[in-house]
Amino acid sequence: MVSVSSSLLYCLSLLSLFPFISSSITIPLQHPQTNQIPFQDQYQKLNHLVTTSLARARHLKNPQTTPATTTTAPLFSHSYGGYSVSLSFGTPPQTLSFIMDTGSDIVWFPCTSHYLCKHCSFSSSSPSSRIQPFIPKESSSSKLLGCKNPKCSWIHHSNINCDQDYCSIKSCLNQTCPPYMIFYGSGTTGGVALSETLHLHSLSKPNFLVGCSVFSSHQPAGIAGFGRGLSSLPSQLGLGKFSYCLLSHRFDDDTKKSSSLVLDIEQLDSDKKTNALVYTPFVKNPKVDNKSSFSVYYYLGLRRITVGGHHVKVPYKYLSPGEDGNGGVIIDSGTTFTFMAREAFEPLSDEFIRQIKDYRRVKEIEDAIGLRPCFNVSDAKTVSFPELRLYFRGGADVALPVENYFAFVGGEVACLTVVTDGVAGPERVGGPGMILGNFQMQNFYLEYDLRNERLGFKQEKCK
């Protein structure tokens, strides 16, 4: 996920910005406003979320890379389709907003007073709002990470040879970890690695690896990677598990409503299950050369899907990952609408179309927003759709609420919120066959039991 080419002048300019060189926690997660917006704007919003979900899916399928004490925090939902959490770094602490992302492992924040970001304003309530950066000069605990520090390889996802040309200038790169570049489905970011102190209520974690990004594209905030890599927040804190409940999307502006992200830092070796949760084991990640991101994902064992009680014939190769990394099902908080490979999506879509006879399809809306099938429900007094149920390994199954798999726009149109290849942009082969997005998991409590390698879930009203 890192590029170091053409970085010498960039590195030297960065060093001028660093004159200093020589149990459980609950965090809130935010909710968008519920005020109504015009139907056409809602269609545009859905089209934007389709596009970003597909871009995210293409990245996760083909990631671009180059060589019991607890704490709780608020988790916020955003109209651009993500969820954010506030974290504090530095001495004294500086508090910043981060997108919570279970599909990546690096933690980074906008950094320095010279931070540049292109196309980074996503909130319609404040389109010109300025992103608040972290200022290393104001923190006595900020240190540039050394090139020979083992954590340098974490952010680069590869071993770093400090004798190579890009580390040859003694005043710069042979002393520090080379600059990084991270690619996401919706944009990029680049900067240098810092060793900093992370503050979570009464807990302080010194020497925490964090990326100091000095430029980004299409990134509305920093990103807190919650994936399975060494550099992720759960790994660096040594979490036994973490859990959250996702507020529902409203496709409008952001508000200050939030649910909770709970970080379990208890070190006890326990297989005790949380009451009322059903569990499915994580599936072993495939190991593929030049696809280190596959090792970061949370793979699940999805056995089958039913629509209205009828089995959807999804080819097995899309439900289980192969040794080449193709196929399998992952869960990703950074994806909005669930992605399915075309050969898996078509049977699902066809089954809904076969069973739904009371509403007329509106293909002009499908063409406009990229979701299908869509149905005109404006004349219906009550709207009823077939149940969508997912069956996982370990006997866990979940029936999704209809609002988690159909988006209702202005009381007129309802569209299935699953996306596939070839609808908006070229088809991509390889990688996960299905990516379970956050729209389908809204108002579900999810527990990532890292200690026992399993995911627990239950439906509940998040608040």
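1. A residue is called buried here when its relative accessible area is under 20%, exposed when that area is over 50%, and partly exposed in between, with a 1.4 Å probe and protein chains only. The model is predicted, with local features needing pLDDT of at least 70 and side-chain atom pairs counting only at pLDDT 80 or more, while totals for chains, interfaces and linings use all residues. Residues are numbered from 1 along each chain as its sequence is written, and side-chain values use heavy atoms, with hydrogens and water left out.

2. Strand β5 covers residues 94-101, and because 6 of its 8 residues are buried, the strand is largely enclosed by the rest of the structure. Strands, like helices, are DSSP runs numbered from the N terminus (strands E, at least two residues; helices H or I, at least four).

3. On one pairing, strand β4 (residues 83-89) runs antiparallel to β5 over 6 bridges, where pairing requires that DSSP finds at least two bridges between two strands. S84 stands opposite I99 of β5, and the two strands form a hairpin with 4 residues between them, in whose turn G90 has a positive phi of about 100 degrees.

4. β5 also pairs with strand β12 (residues 222-225), here in the parallel sense and over 4 bridges, with D101 standing opposite G225 in β12.

5. As a separate point, L300 lies in strand β17 (residues 298-300) and counts as buried because its relative accessibility is 2%. Leaving aside residues up to four places away in sequence, L300 touches T280, F282, V283, L319, V329, I331, F392 and L455, contact meaning heavy atoms within 4.5 Å. The C-alpha atoms of L300 and K284 are separated by 8.7 Å, the two residues being 16 apart along the chain.
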